[in-house]
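User: Please take me through this structure by question and answer, from its overall division to individual residues.

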Amino acid sequence: MNDATSSSSASKDATINTTVPPLSDMTLAEFRSNTSETIWNELLVLGMQPGVCNLGQGFPDYSGSRVAREAAAAAMVDPSMSGINQYTLPAGLGSLRSAICAYYNKCYGLHGGGGGKKAIAPENVMITVGATEALFVSLKTLAGPGDEVLMFNPGFPWYLSTTRIVGATPVLVELHGPDFAPDMEEVEKAITAKTRVLLLNSPHNPCGHCYTKKEMEGFARLALKYNLFVLSDEVYENVTFGGVQHLRIADEEGMFERTVTLCSASKLFSLTGWRVGWALSTPEVLKGLAVYHHNTSYCAPSPLQHGLSVALEAEDGSFEDMPKLVEGNALLLGDALKEKGFAITQPQGGHFLVADTTPLGLKGLECAKLLLIHAKVGVVPGIIFYFADPKDSNGGSGNKGGVDMDRPLLRFAICKRRDTIEEAVRRIRAMVFPSKH
Ligand SMILES: Cc1ncc(COP(=O)(O)O)c(C=O)c1O
């Protein structure tokens, strides 16, 4: 090394940074906006403490589809199926896409003719890593900076954060208790020239409302009038109560071409850890989703896709009696909460029951903490599902970085074994709430 080289490397050394650069501006902005994620993570840890009866996060405490598990496990070790442990095509395993078509076409009476209800073919199906990935790649495809995405408040928290992450603007339409049905006039009022996507969810998380035929027709009318895409999250489609039929917005006249339907094996087969979901739409729209799917997950786990194809082919519509179990759980828990003075919205479907804490004189977060400390029952306060209006930059009352802290709602996960719900009921019945002293 000559003198010139050594002096230049010495001056470079002098500029070496000992601190790492900051994360991207967008990530830091998301940290600031997404307080609900922090609260959510804290609650998850608390709910998993020993001795806690955990009705917090919506995962089942039973094993999920036996047929799917056995088929996946057998395929993984079967020498004649060694290819099943490798990548599938990005759109998904052919047998699963075919099984999905057969299932939907039969279950919802879909056919090739006009008048809505178009049959689904394999080119209408893309398998994703859960509905979470399907939500992300769909929003990335349909909306971007300058576009508005219309969604309901309360709603699944990922809608707001994913919309922000893809650079679009969330616009909130309030759902009002006790039934939390959408008000079409309020929806139409919220539509602007920038609205690109109407984000629907039925059965609804957390409120359990299932859209009626009239509501579906109302959404279809708005989507056609204002030329909107509809992103329809139907992950709880097989869990409806009291004879309520699940309706698909894609089956309304003129809606198939402008709808992306999100579905999930997490919910259909109680296999939340498998991370398999699917998006249903036209090949043209799925081509857009594929751009982002290729660059994020590429494909969902192959042996698990196989297990699900076998389970779907064998499915007789009873889903190992899971929907009946959840319906019974809703009634049992609802009765106990009513006795304790909560105002209950009996769900029409889905995996949750919401309770209003107002009659007890408590805020949701306060009541969730009391239930955890005194009854050792873990629940999620409604604040997680209530977005503060993003336009409300000074926060308003109780707004802590995107979370509306004052909401008097609790969400109980009811996708649990009957003995888990019975234990929670026993503990809640035994608890003395402060305002009852
Ligand atoms: C309404 C809703 N959509 C999507 C998801 C995500 O489902 P997945 O596990 O398939 O990613 C959930 C999970 O809880 C949900 O409640």
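User: On what basis are the values given, and how are residues numbered?
Analyst: This is a predicted model, in which local features need pLDDT of at least 70 and side-chain atom pairs count only at pLDDT 80 or more, while totals for chains, interfaces and linings use all residues. Side-chain values use heavy atoms, with hydrogens and water left out, and residues are numbered from 1 along each chain as its sequence is written.

User: What separates the centres of domain 1 and domain 2?
Analyst: The domain assignment, whose bounds come from an automatic or database source, gives domain 1 as 25-63 + 321-436 and domain 2 as 66-314. In terms of contact (heavy atoms within 4.5 Å), 32 residues of domain 1 meet 39 residues of domain 2. Taken over C-alpha atoms, the separation of the two centres is 25 Å.

User: Which strands are the edge strands of the open sheet of four strands?
Analyst: Helices (H or I, at least four residues) and strands (E, at least two) are DSSP runs numbered from the N terminus, and two strands pair if DSSP finds at least two bridges between them. The open sheet has the order S9-S10-S15-S12, with antiparallel pairing. An edge strand here pairs on one side only, which applies to strand S9 (343-345) and strand S12 (380-381).

User: What angle does the direction of H13 make with that of S10?
Analyst: Strand S10 (residues 352-356) is joined to strand S15 (residues 409-413) by five bridges, and the two run antiparallel. H13 packs on this sheet and touches S9, S10 and S15. With axes fitted as lines to C-alpha atoms, for helices over the stretch in contact, and angles running from 0 to 180 degrees between N-to-C directions, the angle is about 10°.

User: Which residue of S8 is the bridge partner of methionine 126?
Analyst: S8 pairs in the antiparallel sense over four bridges with strand S2 (residues 125-128), and likewise over four bridges with S7. Leucine 262 stands opposite alanine 279 in S8. The bridge partner of methionine 126 is also alanine 279.

User: Are the residues on the two faces of strand S8 buried or exposed?
Analyst: In a regular strand the side chains alternate between the two faces of the sheet. Strand S8 (residues 277-280) has Gly277 and Ala279 on one side and Trp278 and Leu280 on the other. Buried means under 20% relative accessible area, exposed over 50%, and partly exposed in between (1.4 Å probe, protein chains only). Both faces of S8 are covered, and these four residues are all buried.

User: How far apart in sequence are the parts that arginine 164 and glutamate 30 tie together?
Analyst: The structure holds 16 salt bridges, each a side-chain nitrogen of Lys or Arg within 4 Å of a carboxyl oxygen of Asp or Glu. One of them joins arginine 164 to glutamate 30, with the closest N and O atoms 2.9 Å apart. Because arginine 164 lies in helix H7 (residues 158-165) and glutamate 30 in helix H2 (residues 25-33), the pair ties together parts separated in sequence by 134 residues.

User: What is the N to O distance in the salt bridge of aspartate 335 and lysine 338?
Analyst: Aspartate 335 and lysine 338 are three residues apart in helix H13 (residues 322-339), so about one helical turn separates them. Aspartate 335 is partly exposed at 41% relative accessible area, and lysine 338 is partly exposed at 45%. Their side chains meet with an N to O distance of 3.8 Å.

User: Which side chain joins that of histidine 246 in a polar contact?
Analyst: Histidine 246 lies in the loop between strand S6 (229-233) and strand S7 (259-264), and is buried at a relative accessible area of 10%. Leaving aside neighbours within four places in sequence, the contacts of histidine 246 include Tyr108, Ser202 and Pro203. A polar contact is a pair of N or O atoms within 3.5 Å; within protein, one must be able to donate a hydrogen and the other to accept it, and residues adjacent in sequence count only if both atoms are side-chain atoms. At 2.9 Å, the partner of histidine 246 is glutamate 234.

User: What distance separates the C-alpha atoms of glutamine 57 and tryptophan 40?
Analyst: Glutamine 57 is in the loop between strand S1 (53-54) and helix H4 (66-77), and is partly exposed at 25% relative accessible area. Not counting residues up to four places away in sequence, glutamine 57 touches residues including Trp40, Val380 and Ala413. Glutamine 57 and tryptophan 40 are 17 residues apart along the chain, and their C-alpha atoms are separated by 9.0 Å.
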